[in-house]
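Open the model in your viewer and keep the sequence panel beside it. The stops below each give a selection and then what is there.

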Amino acid sequence: MITPQEASARAEQLCRMAPIIPVIVVNDVAHAAPMAQALVAGGLPVLEVTLRTPCALEAIVEMAGVRGGVVGAGTLVTPQDVRNAVDAGATFGVSPGATDRLLDACEEAGLPLLPGAATASEAMALLERGYTVQKFFPAEASGGAPALKGIGAPLPQIRFCPTGGVNLKNAIDYLSLPNVLCCGGSWVAPGDKVAAGDWAAVETLAAEAAALPRG
Ligand SMILES: O=C(O)C(=O)C[C@H](O)[C@H](O)COP(=O)(O)O
């Protein structure tokens, strides 16, 4: 068991470890360990593996063995996703939105969750349950940094990890907001570099992201 308050405290710790959480799509399990090593070496220790590909759970198993990394599962949608993620060794979860069934499953499984919200009402529903750290998703499509700044005025007690359409350029706009802890983004592990096994390029992208200033 984990309470929403405990889950948010852990989520906050994770979000403070680096300015960017890489959102990772793994198509070939052989890429998992070297990709995680490159991201960690570049300064991004917290890794979100999306459960969107057939080998995602195997990738979590592989990445969980990489020294210095903290591996979680993204795209958690169902209670079964939560059980699978925990069995694979994920130590945190991320979801695009939130349902009572999903929140119940994470709390029962003891998995700290970074739950998604896109509107003030969604954020307030999560806050009511005790989740003070949330993912703002899809960030750019939902109005970007100005929208999150707007939500932050009446709801300053909620802290966010904006994700969805975030890149090296616009990340600064989010990171300078007082209600942003870090951002999530897939640009640090681009498909072409991963397919080519260009881990040096991934490490360079990670290092650029790790050097982003936080407000
Ligand atoms: O599947 C999930 O649970 C997710 O976390 C979705 C991701 O947040 C976005 O797909 C990342 O968006 P980009 O950085 O724009 O590629």
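**Stop 1: the nonpolar core**

Select Leu-39, Val-49, Ile-60 and Met-63: of the 76 residues in the largest nonpolar core, these touch the most other members. A nonpolar core here is a set of buried Ala, Val, Leu, Ile, Met, Phe, Trp, Tyr and Cys residues joined through C-beta atoms within 7 Å. Buried means that 20 or more other C-beta atoms lie within 10 Å of a residue's own, exposed means 12 or fewer, and partly exposed is in between, with C-beta atoms placed from the backbone. In soluble globular proteins, nonpolar side chains tend to be buried together.

Now keep Leu-39 alone. Leaving out residues up to four places away in sequence, Leu-39 touches Pro-22, Leu-44, Leu-47, Val-188, Ala-189, Val-202 and Ala-206; contact means C-beta atoms, placed from the backbone, within 7 Å.

**Before moving on: numbering and confidence**

Residues are numbered from 1 along each chain as its sequence is written. This is a predicted model, in which local features need pLDDT of at least 70 and side-chain atom pairs count only at pLDDT 80 or more, while totals for chains, interfaces and linings use all residues. The mean pLDDT of the protein is 98, and 100% of its residues reach 70 or more; pLDDT is the predictor's confidence in each residue, from 0 to 100.

**Stop 2**

Select residues 116-117 (E6), 133-136 (E7) and 159-162 (E8). Helices (H or I, at least four residues) and strands (E, at least two) are DSSP runs, numbered from the N terminus. The strands form an open sheet in the order E6-E7-E8, with parallel pairing; strands pair if DSSP finds at least two bridges between them. E6 and E8 are at the edges with a single partner strand each, so one side of each lacks a neighbour in the sheet.

Two bridges join E6 to E7, and four join E7 to E8. At Val-133, the bridge partner in E8 is Arg-159.

Which residues of E7 point the same way as Val-133? Lys-135 does, while Gln-134 and Phe-136 point the other way, and all are buried.

**Stop 2**

Note on methods: Two residues are in contact if their C-beta atoms, placed from the backbone, lie within 7 Å.
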